[in-house]
Amino acid sequence: KAKEDINKVNLLNELSECYYNIAPDKGIWYGLSGKKLAEKLNYKIGISKTDYSLGFNYYRKSDYPTSLDYYFKALHLIPDEKNRTVEEKLLVAKLFGNIGSVYRSLNDSLKTFEYYNKGLKMEKALGNKLGTAEILLKIGNAYNMLGEDSLALISYKNTLKMFEELGYKSGICRTMGNMAGIYSSQGNFQKALEYNLKSFTIAKESGFKNVEASGLGNFGLSYFGIVKDNTMINIPDSLKNRKALLIKAEKYVKSAIIMFKELENLSALQEYYQSLSDIQKYSGYYLSALESFKQSVIYRDSVYSQKNQTKISNLENQLKEDIKQKEIEIQQLQLATAKKERRYFIFGLIGLLLLLSLAYNRYEVTKKQNKIIAQQKYVVEIKSKIVEEKQREILDSIEYALRIQTAILPPQK
């Protein structure tokens, strides 16, 4: 029964992870169900895994404080580095990568690279190619955020090669979508549309809703980029009708917004409402542009509000306190172990001394007994010699008397 329940926890967790990219609310429901059962069973690695998947689903909803809360809870339950199983090490590496992604979404580049590098180091040490590729993709995203297009593109190309070798469709379409964004920002719109089409096709066929929505948005942004490119060099004739391209750009960005609303991805909604506002402003629809801009501000404030920043700061402080407490507990355990070992040593030494004392006493008793026996033997030997001497004297006396008698008395006839 217990094994069946553990399998159920793992199944609920897998379902939670599957839904994060399709319907995060459903993913959260499965994650909470798995966590409840894992807590009932005191299945610690199961609790950590469900916390991980819950953090992932809340990240998709752009609820970054709740996402970090679950990620930190998952880390807190896992033993210290020396006592981790391989399964726990793999989970920690994934957690580091995802925590880095939260900080990337919050524009905190220092903490982003800090956690990404921790995750990458662990994935490489474990020989986990898929995990390594995922972290490299995240690092590419971080470079992209900083405007380091060349570094981002290098990272994406290496990542894409690894995903293709592994045949991992989710990674392939996400990487291609990100590369499309880079090519678009560089003005290479044909290549951007080519990569985005490949990404969008895989995502749609495989049911990767979040990537599909990003693909729609990227189509719109590429068309808008072509419109703003006054030179239109290397642009095919079919893409030189600016009015038609503006209509297509608005249409695709609106379609992306509809999907992101279904997915409750607040961060993406903030970004694409801003893009929609730019397209509408360029088209001369100023009232619509203003409304779209207001929506962008609303979603931006939802993501980056002071309340959320305070929550995140509190979580970080709590994590530091938890780590400090854990270190204290480890030190106390080490001291207790040392005391126990010292007691065992003392008891052992006392026992050894008692044994030595008993052995010495036994030796002394034996020695004394042997001495008494030797003395008794000596006395017996002396007495035996005295008896022999007396017997010899008596015999000598008798013999002497016989000789005198023989000399005095005449011989018998």
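Buried means under 20% relative accessible area, exposed over 50%, and partly exposed in between, with a 1.4 Å probe and protein chains only.

## Basis of the model

This is a predicted model, in which local features need pLDDT of at least 70, side-chain atom pairs count only at pLDDT 80 or more, and totals for chains, interfaces and linings use all residues. Residues are numbered from 1 along each chain as its sequence is written, and side-chain values use heavy atoms, leaving out hydrogens and water.

## Two loop asparagines

Most residues other than glycine have a negative phi. Asn107 has a positive phi of about 65 degrees, although it is not a glycine. Asn107 sits in the loop between α5 (86-105) and α6 (109-126). Helices here are DSSP runs of H or I, at least four residues, numbered from the N terminus. Asn107 is exposed, at a relative accessible area of 52%.

Asn42 also has a positive phi, near 55 degrees. Its loop runs between α2 (24-41) and α3 (44-60). Asn42 is exposed, with a relative accessible area of 54%.

## Helices α8 and α9

Helix α8 (residues 149-166) packs against helix α9 (residues 169-185) at about 155 degrees, with the axes 9 Å apart. Axes are lines fitted to C-alpha atoms over the stretch in contact, and angles run from 0 to 180 degrees between N-to-C directions. The two helices are therefore roughly antiparallel (angles over 145 degrees).

Contact means heavy atoms within 4.5 Å. Residues making it include Leu153, Tyr156 and Phe163 of α8 and Ile172, Met176 and Tyr183 of α9. By class, the contact has ten nonpolar, five polar and three charged residues. Ala, Val, Leu, Ile, Met, Phe, Trp, Tyr, Cys and Pro count as nonpolar, Asp, Glu, Lys and Arg as charged, and the others, Gly among them, as polar.

## Aromatic pairs

A search of the whole structure finds 17 aromatic pairs. Rings of Phe, Tyr and Trp (its six-membered ring) pair if their centres lie within 6.5 Å; planes under 30 degrees apart are stacked, over 60 edge-to-face, and the rest tilted. Tyr58 and Tyr70 are stacked, 5.8 Å centre to centre with 10 degrees between the planes. The pair links distant parts of the chain: Tyr58 lies in α3 and Tyr70 in α4 (residues 64-77), twelve residues apart. Tyr58 is buried at 17% relative accessible area, and Tyr70 is buried at 12%.

Tyr183 and Tyr195 form a tilted pair, with centres 5.3 Å apart and planes at 50 degrees. Tyr183 is in α9 and Tyr195 in α10 (residues 189-206). Both are buried. Elsewhere, ring pairs link Phe200, Phe219, Tyr223 and Tyr252 into a cluster.

Notes:
Angles under 35 degrees count as roughly parallel, over 145 as roughly antiparallel, 65 to 115 as roughly perpendicular and the rest as oblique.
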